[in-house]
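Student: Please take one part of this structure and go through it closely. Then show me what surrounds it, one step at a time.

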Amino acid sequence: MTGFLADLVLQSQSLPRLFANLCDPYSLLPLVSRPPCFNKRPNATPPASTRGLYVGWVCALPVELAAAQEMLDEEHEGLEQDGHDTNIYSLGKVGQHNIVIACLPEGQTGTNSTAAVAVQIKSAFTSIRFSLIVGIGGGVPSEEVDMRLGDVVISRPLNVHGGVVQYDSGKATPSGFQRTGSLNTPPTILLNAVANLRANHFRGRSRLSEFLSKLNGLPGFAREAAGLDILFETEYNHEGGATCGKCNKDRLVSREPRVQEVVLHYGTVASGNQVMRDGAERDRVSTELGGVLCFEMEAAGLMNSFPCLVIRGICDYADSHKNKKWQPYAAGTAAACAKEVLSVIPPSEVAKADTVEETIKGAGGVSNKWNNHDSKIGEQVGTKTVQGNQSITL
Ligand SMILES: [Zn+2]
């Protein structure tokens, strides 16, 4: 073999690879950019450092992963991964953004699992700028916030908090429980996106229904499949069983029907390693923190090592009556909201933003703020209510 064919064999290393290359015109034209949808073969994958610009999308449950995948406008084949990378990535596009979705392993939840998944994303996609954490959460209804199931909570800085508080991390002191450590705010690009999203909603230009309709072909995600949205008094505990069939309907909180099906709420998200399922404890922690909108179990694992925004669809009220019936619909509203957030971010702005590593280095390390948010380490929150990471009564 001589000339062109010999060179090709040399480049391809093996005959099977040669055949694959002959089937792939982009392999023979190094100066022609390869469209992402052409990456059908694992060995067609470019090195990690040249994998282009991706936005991360992290979820914890299969139902959240399914909702996320349904929001993709294009789905791409998986990329070749390093041997030690145990994540399974779903790749595709939302609008003009390349998206990499990663889900926590089945049965694993909590901040540590989330942190482990994030480390691998950063390693595999070195140019990544930020991530969205998208899924379900337990809502906190209050006099100030008319929280309903299916509503969406988006983290944003409020008062002394950066958007997410790890409520179960701290130490007991003679003067009460001291919450230690603080979490970063979302990066400016995401806060700008939230501001534009809110402006669109003020102007009646929400695209939430449009994006939510992508789930119309999946009856399991329908609002009708979720059942009634009922809220019991804070102090009234569940009587037992899988549903609230035995619970006293006289203890229901009377609420006016609401015209708007899904409302977006912006504020503080409480993150911890335990499931919150106690109405009284929910309200107590919320009061101590100056008012939180929802409880969840992943965000605290990411906020200080990965610039991100938390988007939670409300599937229960974080009380003893919680069940899973609203999870698919709430996962859907959160995913649709995430897609709407992405729709207001120009891809050129993503390109200009710092990478995750640059952001962390620029902040002087993972323990410092990257967005000029007042860190206030060791915030006093009054009476001792929690100890370490094992605090919340289940
Ligand atoms: Zn009940």
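Tutor: Start with strand 1, residues 54–59. Strand 1 pairs with strand 5 (residues 131–139) in the parallel sense, over 3 bridges. Two strands count as paired if DSSP finds at least two bridges between them. Strands here are DSSP runs of E with at least two residues, helices are runs of H or I with at least four, and both are numbered from the N terminus. Within this pair, valine 58 has isoleucine 133 of strand 5 as its bridge partner.

A word on the source before we go on. This is a predicted model, in which local features need pLDDT of at least 70, side-chain atom pairs count only at pLDDT 80 or more, and totals for chains, interfaces and linings use all residues. Residues are numbered from 1 along each chain as its sequence is written.

Now ask how covered strand 1 is. A residue is buried if 20 or more other C-beta atoms lie within 10 Å of its own, exposed if 12 or fewer, and partly exposed in between, with C-beta atoms placed from the backbone. Strand 1 is largely enclosed by the rest of the structure, because 6 of its 6 residues are buried. Both faces are covered. On one side sit Tyr54, Gly56 and Val58, and on the other Val55, Trp57 and Cys59.

Why is valine 100 called buried? It has 23 C-beta neighbours inside 10 Å, so it counts as buried. Two residues are in contact if their C-beta atoms, placed from the backbone, lie within 7 Å. Leaving aside neighbours within four places in sequence, valine 100 is in contact with Tyr54, Gly56, Trp57, Tyr89, Leu91, Ile121 and Phe125. Take isoleucine 121 from that list. Valine 100 and isoleucine 121 are 21 residues apart in sequence, and their C-alpha atoms are 8.5 Å apart in space.

A nonpolar core is a set of buried Ala, Val, Leu, Ile, Met, Phe, Trp, Tyr and Cys residues joined through C-beta atoms within 7 Å. The largest one here has 90 residues, and those with the most contacts inside it are Trp57, Ile311 and Ala338. Helix 8 (residues 327–343) gives the largest share of this core, 10 residues. In soluble globular proteins, nonpolar side chains tend to be buried together.

Look at helix 8 itself. It is mostly covered, with 16 of its 17 residues buried. From its first C-alpha to its last, helix 8 reaches 24 Å, close to the 24 Å expected at 1.5 Å a residue. The expected span is 1.5 Å times one less than the number of residues.

Next, isoleucine 311. Not counting residues up to four places away in sequence, isoleucine 311 touches Leu132, Ile133, Val134, Val152, Ile154, Ala334, Cys337, Ala338 and Val341. One of these, Ile133, is the bridge partner of valine 58.

The loop between strand 13 (308–316) and helix 8 holds alanine 318. Alanine 318 has a positive phi of about 55° although it is not a glycine. It counts as buried because it has 29 C-beta neighbours inside 10 Å. Asparagine 159 also has a positive phi of about 55° and is not a glycine. Asparagine 159 sits in the loop between strand 6 (152–155) and strand 7 (164–166). With 11 C-beta neighbours inside 10 Å, asparagine 159 counts as exposed.

Now step back to the chain. It has 10 helices and 14 strands. Buried residues make up 42% of its 394 residues. Among contacts with a separation of 6 or more, 77% join residues 24 or more positions apart.

Last, confidence. pLDDT is the predictor's confidence in each residue, from 0 to 100. The chain averages 81, and 78% of the residues score at least 70. Over residues 1–50 the pLDDT is below 50, and this stretch has 38 contacts in the model beyond near neighbours in sequence. Residues 371–394 are also below 50, with 58 such contacts. Where pLDDT is low, the predicted coordinates should not be read in detail.
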